[in-house]
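Hello,

Here is the structure I promised to pass on. My notes follow below it.

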Amino acid sequence: MTDTKFILVVEDDPILKNLLGHTFAGKYQTLYASDGNEALALFEQYKPSLVLLDLMLPTMGGFEVLQAIRARTDAHKDVPVIIVSNLGQESDMEKARSMGATDYLVKAEVEIEEIVKRIEAMIASPQTPATA
Amino acid sequence: MGIRGLLALIFFATLALAVGFIYGLVAFLKERLFELFPPDLWPQADTALQILVLYGMVALIIFTTILMLLVFFLMSNLIVRPLKEIIKAMLQFSRDGEKGTLPNVEGTPREIRELASVYTDLVEKVDQVHRHDVEISRVKSDFISTAAHQLRTPLTGIRWALEALEKEPLTESQMALVTSAKEKGKDLVDTVGTLLDITSIESGKHKYEYSVFRIDELIAEVANDFAPHAGQSQVSLYYARSEAPLPEIRADRNRIKWILNNLLENAIRYTPAGGTVRIMADASEKHVRVRVHDTGIGIEDKDRSNIFERFYRAGNAITKQNQGNGLGLYISRTIAMDHGGDLNFASNENGPGTTFTLSLPLPR
């Protein structure tokens, strides 16, 4: 019996959230947040092992959430963060990478299957080198 | 030759002419002048004349030199120096786009002041147009990336829902429907991606991902991809591989593939059934050259200079049923030029059709 591993999914579109939930149900303990503030509050409470993060969010955007996570002082600051966004410009990807995103997927271009694969790969070897 | 050189030349020429003229005049008048004196005074008169002429010359040279220096000084300060500074500012503007500082032209001749003021106006105009252009291109690029984002979100929902549906127990015909819908969904996503790529390439801010690869392998791959399409259109598609393997090039493979896709798509589209599309590739010392030769409807003279313009579609292209958006060749050429190469075309000399030639530089 291992510790329960939580995955935090930050997604503001309810339909996309449901579709992800449909696939994740039974696979992971999933937490859902639909904006940045909610995401950070849930992060604080549950210390998830992985975050799927959208970028265009109401109130507080994904980049800020990523920044806040990477700015933590505890061990959770290095949690894998996969950006799953429909912003797909090279500049967005570069910005996310420079801010410490572990992976970047353009939502419309991937199937949920692919997202699951990435999650599996990261949960299997969760410790990525610390990025400042 | 500069203004000052020209001035010096004029001065020396005038001086030489003046000296020659005086000597000639003296020699001419000497005979007649001497007739006024008794012959025993001639030697004395001759000496006096020589001294007179000598002094006259020295005085002339000194006077002209002083005058020349004065004119030089004035010209330098009033014309040459301000001109040079204006030219420097112009150069700086044309090279780096920096406005530079114009000299203080007060007290210079009217023409110089006019030049400076006209130039200042011109720079202001160019700058205004440029800022306007930058702004338009920014707005356009923002608009397209927002639109792309807006398109992608519902598309994601459609694709993910179909993906989930696919996992349900479905009959064969239901499955076929889901598969078609998925395929079309993917096409739409790709189109949105292309739209974004085009925007970024067009804005000149695109980051190419360079790698080293063999163009002949890429051509074979693309030719292979197009074989079914050519078959459907009853066009014979050949890739005549050169005997010697082509050298490797350093380029963005996906973008070069995009150009080749475009060229082949056009070639097949505008070639009537029964025609031929032939791809050839060779290398010179500095370039590799890929030629796509078709036996199609050709490009009319009036369209020749325009087909690389964005959104341009040749008159005889519009009448054909096709989905061209008029951006393909424009973007293709932009990509080729960004790589230091070029994309061009020529009408076939013997027989109908057109040959497009893509050339790319070899790594040095």
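In which sense do S6(B) and strand S7 (residues 354-361) of chain B pair, and over how many bridges? They pair in the antiparallel sense, over six bridges. Two strands count as paired if DSSP finds at least two bridges between them. Leu343(B) has Leu358(B) in S7(B) as its bridge partner.

First, the ground rules. This is a predicted model: local features need pLDDT of at least 70, side-chain atom pairs count only at pLDDT 80 or more, and totals for chains, interfaces and linings use all residues. Residues are numbered from 1 along each chain as its sequence is written, while chains are lettered from A and ligands numbered from 1 in the order in which they are written. Helices (H or I, at least four residues) and strands (E, at least two) are DSSP runs, numbered from the N terminus.

The sheet in chain B

Five strands form an open sheet in the order S2-S4-S5-S7-S6, with mixed pairing. Strand S2 (236-240) and strand S6 (342-347) of chain B are the edges, each pairing on one side only. The twist averages 15° from one strand to the next. Helix H5 (residues 215-232) of chain B packs on the sheet and touches S2, strand S4 (276-283) and strand S5 (287-294). The direction of H5 makes about 170° with that of S2(B); angles run from 0 to 180 degrees between N-to-C directions, with axes fitted to C-alpha atoms, for helices over the stretch in contact. Helix H6 (residues 253-269) of chain B lies across S4, S5 and S7, at about 20° to S5(B).

Helix H8 of chain B

Eight of the eleven residues of H8 (residues 328-338) of chain B are buried (20 or more other C-beta atoms within 10 Å of the residue's own, C-beta atoms being placed from the backbone). Among them are Leu329(B), Tyr330(B) and Ile331(B). Their cover includes helix H4 (172-202), H6, S6 and S7 of chain B. Gly340(B) follows H8(B), with a positive phi near 85°.

The helix pair in chain B

H2 (residues 42-96) and H3 (residues 110-166) of chain B pack at about 10°, axes 11 Å apart. That makes H2(B) roughly parallel to H3(B) (angles under 35 degrees). Ile79(B) and Phe93(B) are among the H2(B) residues that meet H3(B), whose side includes Ile112(B) and Tyr119(B). The contact residues divide into eleven nonpolar, no polar and no charged.

Chain A

Chain A has five helices and five strands, running β-α-β-α-β-α-β-α-β-α from the N terminus. Buried residues make up 36% of its 132 residues.

Best wishes

Key:
Buried ≥ 20, exposed ≤ 12 C-beta atoms within 10 Å, placed from the backbone. Parallel < 35°, antiparallel > 145°, perpendicular 65-115°, else oblique. Contact = placed C-beta atoms within 7 Å. Nonpolar A, V, L, I, M, F, W, Y, C, P; charged D, E, K, R; others polar.
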